[in-house]
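The following exercises concern contacts between parts of a protein model.

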Amino acid sequence: MSVKEWEPKIVAFLCHWCSYAAADLAGVSRFSYPPNVRIIRVPCSSRVNPQFVLRAFAEGADGVLVAGCHLGDCHYVKGNYYARRRLWVLQRLLEFVGMEPARFQVHWISGAEGAKFAETIKEMVDKVRILGPNRLFQEVKDICVG
Amino acid sequence: MDYRVITQEKLPLFLSALRQSFLLAAPVEEEGEVYFRLLEDPSQVYLGPRPSRVPPKIFFFPPTEPLLRYRREGEKWEVFSAEQDPRPLILFGLRPCDLQSLKALDAVFLASPPDPYYAARRENTLLLGISCPEVGPGCFCVTYGYSPTTSEGADLHFTLLGKFYLVEVLTPRGKKLVQDYASFFAGETAGALEAKQSKEASLLAKFVAPPQLTGVKEKLPSLYHDPYWEELAWRCLGCGICTFLCPTCHCFDIFDRGEEEGERLRCWDTCLFKEFTLHTSGHNPRASLSARLRNRFYHKLLYHYERYGVEGCVGCGRCVVFCPVNIDIREVMVEVRRRGSSGF
Amino acid sequence: MRGLTEALRELAYRLLREGEVELFLGYSWGTLPLVVRPCFATRPEQVEAFIFNPLCLPNLVKYLLRFEGRRVAVVVKKCELPSFRQLLADRNLERKKIRLVVAPCGGLLDPAKLQKEFSGQPLEFIADRGKEYVVRVGEEEKVLAKQLYLYPRCFSCPQKDEDLEPEDIRLEFSTSLPSLEVDPYAGVSYLEERPAEERREFWDRVFKRCIRCYACREVCPACSCHECCFDPPLPGWQRTVDWMSKAHWLPEIYQYHLTRALHVAGRCGECGECERVCPVKIPLMLLVKKLAKEIQSLPGVEPGILASYSPDDPEPH
């Protein structure tokens, strides 16, 4: 695939109560944002097991976004607090093995923030586009494994 | 058999020349340990006493072998054959035990009907053996009736004698290689054969009490229910080191990777993992670690021979040296001879 | 250090003979020079095999899982106590059935470093003089400076043996490890300061070696789940929901090692066994230490840290 044909693939895990509603609102309000994002609805940002993120990258995602309710607004009271700590640690680990920080982002977007959702996606796609295809976790089919 | 010699200085030049027309892999040091790698700089070849950690079976039976690719278009499935690198490969620096191990693998993969993937890789690869400079702490090749200088199985075999290598030309393909690169070799081998023999004798003298093979196969069947395996398994971690680093272990699993589009892969598997024998019903005939560990030793010491008429262990010592809890197949052989009875 | 070995054998003999324990877990010489292996005794006459010296590297606490419910004595070094406590908590082991035998350790020695020096000759340990060990090689007595031969993790030895039960046993022997003042996070900091591209190349190179033998998981006292997410729950064709395939390719290998690092984060006792057993020398402790370093900066550090939160946690970007 030539560089020109390449389009960033972003996997977005959106919490059902806020960020998914924000995506809905963005659509209803006709805010435009790039079509590079694949949305996966989760009940809460704390449902996002770090393994989901790793798997998304392993399956070829160029960026992963996790979005949930603002702190204090979680439908399950404190789910996003748990998510915050866990995903912060995951970010440190991914950066340690050489991933560019912009590829894995966490945002708090409420159901009323359709514009913020569109803006977040736009910014993320722009950043990942500049970085190019994700090279970490890429298949290296070398005959000298082991 | 034909003989040549090559000087120590010319060997890297010969390897450089080979790199022009072949893929060339050889043992190199990576972070202090020895692995087979595609050779970028022939001066990097590791010629020291340690064998490669991961055996050269990776070149014939890779840890992951794509068997075919598939893609779904609506209701139709398209299937494509998997491609292998067509460039001819030369493996330099195979130890006598590595060469022997190919006999065991050939028996499995080349028996009728031959495995096309393995057969193609074997066909596409030239084997350049090298005699061991030392006897390692885990080595017991003599148990299997060959020595650290045995050239059997190679196309060319190198033995360092002072400042030059004796090169044994063992196959027509080896002969062609020597002819194509004739400028690196000299034909004058006076005294070299004798020198190799005395080198072999001095290496053989370094083996301290290698395990004896007599009686092991005969006695093993009587020990199937012996508590020895249970006690041995207390220490075993149940990891796959001994099987994955074994140059003759060849078990695999086949599965598809990808749903709408992907590859059918054949991957290394090991009898030490409990999923290895797990049935669809949920029953597991080797549910305990001791049963799995026992199976490994029976396979290495008995089953492989019974089935193929070729030894399933070559005495390379990798499982001995790299087992984190020192489960030693040599010790197992001694115990089998001590505890077992023949004529069961 | 013959005295220490003698004391250990006497203790094991007494405990087994008087029926205080059914099994004594310790160390014996292996079949290779400089290699010590785990050793199990169930009868008093078996104790002659036991030894203790600075080559006793393996962490034995995970073997306790194999003998759950039985009365077991196990030899531990101080550095292994955190991993023991974690295992105890994770698997709810019956503490009163376990007798810890805390061996006085003046620092372990690295067999790889000794191998270079003594090329496989057997060593006999005579004494521990604080900064050095006295050993006998053949007929000769030699002095080994700890600074040169110490096992990497011993440079940051915790030297603490708290939380023992009254029934536990501390073996007495004159031994000491001088404070070596080595930054336990030196390797982590070094890599952190490299450019991202170089870090990626580094991990690609070491992970490419992984043969997925799972030795790091099998040996890890913090990896004690009854079912591991990397073991297929169903055989062969029935498999539909694997976390990842068995391929030895980087996507799978990264997933495995990063997930494992996250699973043990905050629970890892840093015994270093994963790195010791790795047959292809993947520096796994770098991942673990990196996470330990980050977690230490979180407010309210406590066990199970990734299963809790604080309102003052740092914000992800």
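**Exercise 1.** Determine how many salt bridges join domain 1 of chain B and domain 2 of chain B, and describe the boundary between these domains.

*Solution.* 

Step 1. Four salt bridges are counted between domain 1 of chain B and domain 2 of chain B, a salt bridge being a side-chain nitrogen of Lys or Arg within 4 Å of a carboxyl oxygen of Asp or Glu. Arg72(B) and Glu260(B) meet through their side chains in a salt bridge, at 3.3 Å from N to O.

Step 2. The model is predicted: local features need pLDDT of at least 70, side-chain atom pairs count only at pLDDT 80 or more, and totals for chains, interfaces and linings use all residues. Residues are numbered from 1 along each chain as its sequence is written, chains are lettered from A and ligands numbered from 1 in the order in which they are written, and side-chain values use heavy atoms, with hydrogens and water left out.

Step 3. Across the interface of domain 1 of chain B and domain 2 of chain B, the rule finds 22 residue pairs in polar contact (both at pLDDT 80 or more). A polar contact is a pair of N or O atoms within 3.5 Å; within protein, one must be able to donate a hydrogen and the other to accept it, and residues adjacent in sequence count only if both atoms are side-chain atoms.

Step 4. On the side of domain 1 of chain B that touches domain 2 of chain B, strand E4 (64-73), helix H2 (96-109) and helix H3 (116-123) of chain B each supply at least two residues. Helices (H or I, at least four residues) and strands (E, at least two) are DSSP runs, numbered from the N terminus. H2(B) gives the most to this side, with ten residues. By class, the side of domain 1 of chain B that touches domain 2 of chain B has 26 nonpolar, six polar and nine charged residues; Ala, Val, Leu, Ile, Met, Phe, Trp, Tyr, Cys and Pro count as nonpolar, Asp, Glu, Lys and Arg as charged, and the others, Gly among them, as polar.

**Exercise 2.** State which residue ranges form the two domains of chain B, and give the area buried between them.

*Solution.* 

Step 1. Domain 1 of chain B covers 2-72 + 83-204, and domain 2 covers 216-339; such bounds come from an automatic or database domain assignment. Their C-alpha centres lie 27 Å apart. Each domain is represented in the contact (heavy atoms within 4.5 Å): 41 residues come from domain 1 of chain B and 41 residues from domain 2 of chain B.

Step 2. About 3,500 Å² is buried between domain 1 of chain B and domain 2 of chain B, with carbon and sulfur atoms giving 62%. Buried area is the accessible area (1.4 Å probe) that two parts lose on being put together, summed over both. In domain 1 of chain B, Tyr70(B), Phe140(B) and Tyr144(B) lose the most area to domain 2 of chain B, together 21% of what that side buries.

**Exercise 3.** Describe how chain C meets chain B, and identify the side chain that Arg257(B) contacts.

*Solution.* 

Step 1. The contact takes 42 residues from chain C and 46 residues from chain B. The area buried between these chains is about 3,700 Å², of which carbon and sulfur atoms give 59%.

Step 2. Eight salt bridges are counted between chain C and chain B. Asp231(C) forms a salt bridge with Lys274(B), with the closest N and O atoms 3.7 Å apart. By class, the side of chain C that touches chain B has 24 nonpolar, six polar and twelve charged residues.

Step 3. Arg257(B) lies in strand E10 (residues 252-257) of chain B. Its side chain makes a polar contact with the side chain of Glu252(C), at 2.7 Å. Arg257(B) counts as buried because its relative accessibility is 17%; buried means under 20% relative accessible area, exposed over 50%, partly exposed in between (1.4 Å probe, protein chains only).

**Exercise 4.** Which residue forms a salt bridge with Arg267(C)?

*Solution.* 

Step 1. In chain C, the assignment gives domain 1 (2-106 + 154-170) and domain 2 (186-305). The count between these domains is one salt bridge.

Step 2. Arg267(C) forms a salt bridge with Asp90(C), the closest N and O atoms being 2.4 Å apart.
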